Amino acid sequence: MNGVNGDAAAGENVDGQGTQQTEWERTYDSVMKNPEDFSSWETLIRLTETANGGVTKESAAADKTSLKNIYDSFLRKFPLCFGYWKKYVDWMEMLEGHESAEADQRDFQIFEQGVASIHNSLDLWCQYCHFKMDHWPNEDDAIRQLFERAAVSVGYDFLSHDFWDKYITWEESKGNAGHVMALLERIIRIPLHQYTRFFEKYSQVSVTRPIDELVSVEERKKLEDDIKQAEGEKEDAQPKTPEEKETILRTKIHELKSEIYMKTQEAVHARWVFESEIKRPYFHVKPLDEAQLANWRRYLDYEEEQGDVTRIYVLYERCLVACALYEEFWLRYARWTMVNNPQAVRSVFQRAHEIFIPLTRPAVRFAFATYEEGEGQIDVARQLYQRLLEAVPGHVEAVTKYVHFERRQGSGAGPDIFATQIAAAPDDASKAFLEVQRIKFNHQNGGDVAAAREAYKGAAQKYPESKYLWWNYMLFEIAKAEGDDLAPAQEAWNALKASPLSVEERRQIGSRYVDFLIERSPKIAEVNKVELEMASMKEPVSKDADSRKRSLEDPTAYQPGKQAKLDGASPAAGVPPAAAGAAAYYGAQGQAGAAPWAGAAYAGYGQQGYGGAGYAAGGQAASWDYSQQQAAAY
């Protein structure tokens, strides 16, 4: 660490030159090797903050710079950790002061980065608004503009009552009763947890405000016409004084607003079923349990059925804070966005693949590449495939999709891609799967039967333990059999019999060969011969005999005519899967899955965040919980 000297490490902890490493240096190396390791980041931040007895205003410039750099890097990697944005501001104020224009501009920039990265964080927006009011108390227009930006980002959040309280309190402090009335007019239409309290305040304030602030010109005219019509139908109607007319009109307005209140109440009750089940609305690297994931799915289903685009957007953005590490929600959001907000699709994909989803889980990147190809952005799509294969060489689904992408472009790169990726594949199962794909590709793109046959024979000799390869070899020979010439299929069967596959595997493939002989062979003797061969099969000598024993009652023992049950469409055992749907973030995600710390994905970043209140009602700052673990207070 430049300028930071942690505690001396134990003697055996040395770098490549034999130099003793500090705890800070070891932790820093750990983070560099695996940037996905959240706990190592937390340790690194702690060690940086406490370096040389604790970083203070009097610390060396190198220590201060190191702290700033670590926070910058961490927040680029984990931008949804809203508490760390606030903590970053606090550190900068402590180290560099907060009473100069330069300091205000510095803090302003940090807040701007924060709300761009997690735009729907209630806590961060409340803190930002409080900062603005503290440092520029007389700039009413600028403060109101900031509140309005926040309202767009978090105002529809079910738990946004603290934000609206802060906004109303500020307008009241400025004596802007008309603005307060306009805010309440907006709020009573939003399904909020504390909707009743806002309607009660609306009712109290409305009686003191001019009627023109309560309804539009069109609404007032309609109400007055309705009143006149009702009065005209009365035989004993008496002329009303202006005061009486206003009272009647206000009563009608209150009835109109009460209808709005009842609709809001209905919307709140419908959403409470889902809101009450959200246990962790904030971001964390620990996986969510299945009940939480299922609740988000049902909640999204509900909002999509209601059809309110704004509310659907807000819920997706909230969901992708708590579920930011789950591909399924990013893919679902991208599909919805394609239909409802096409210009934002690219931003959704960029956020997912550049920040949150490691390269070891490629489904989002496949979808992004397909989208870009459809949009004519061929170079972008190609780069997505290439970058993925650099991180996980030989990934079978990525290779196959990339090859056929190049086929559609007419580039002729398919054979070279197969050659490179087969050599890079991590195991024989993967190599065998890719060999099959290469043979199919070459055969379907101008290759002849003889060349494909020889390729299958060669592959079977190289990878004799691949059930997937043998299965496709047999299917190929069955499909290409001409007339009564069954010799190539018989040759494949003879090779299969001598393969090191287990008895069960050979019998499964043999069952398909038996079906073929029943349909095509002119002699029943051929069928009987193969069935006898299958019945008398023994486990290969190379196999562990004890692990392969079958009792006479074993249901997997050969039964003539038993249909093979093979998953011919999936890779052989051991081949890397395409994606682990909603798999936990950690586990099988190492260095190769590290997402870059580049900031391209922040452009047009939606809004993300959610959580407890950073302030008490009335605009007074409450103690800040840096841990972000507070549950939403219902």
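**Exercise 1.** Determine which residues of α12 are buried, and how far the helix reaches from its first C-alpha to its last.

*Solution.* Taking buried to mean under 20% relative accessible area with a 1.4 Å probe and protein chains only, the buried residues of α12 are Leu249, Ile253, Lys257, Ile260, Tyr261, Thr264, Gln265, Ala267, Val268, Arg271, Phe274 and Glu275. The helix, a DSSP run of H or I with at least four residues, covers residues 242-275 and reaches 47 Å, close to the 50 Å expected, where the expected span is 1.5 Å times one less than the number of residues. The model is predicted, with local features needing pLDDT of at least 70 and side-chain atom pairs counting only at pLDDT 80 or more, while totals for chains, interfaces and linings use all residues. Numbering starts from 1 along each chain as its sequence is written, and side-chain values use heavy atoms, without hydrogens and water.

**Exercise 2.** Describe how α1 and α2 cross.

*Solution.* The axes, lines fitted to C-alpha atoms over the stretch in contact, with angles from 0 to 180 degrees between N-to-C directions, come within 9 Å and cross at roughly 145°. Contact here means heavy atoms within 4.5 Å, and among the residues making it are Trp24 and Tyr28 of α1 and Trp41 and Leu44 of α2.

Note on methods:
Helices (H or I, at least four residues) and strands (E, at least two) are DSSP runs, numbered from the N terminus. Buried means under 20% relative accessible area, exposed over 50%, partly exposed in between (1.4 Å probe, protein chains only).
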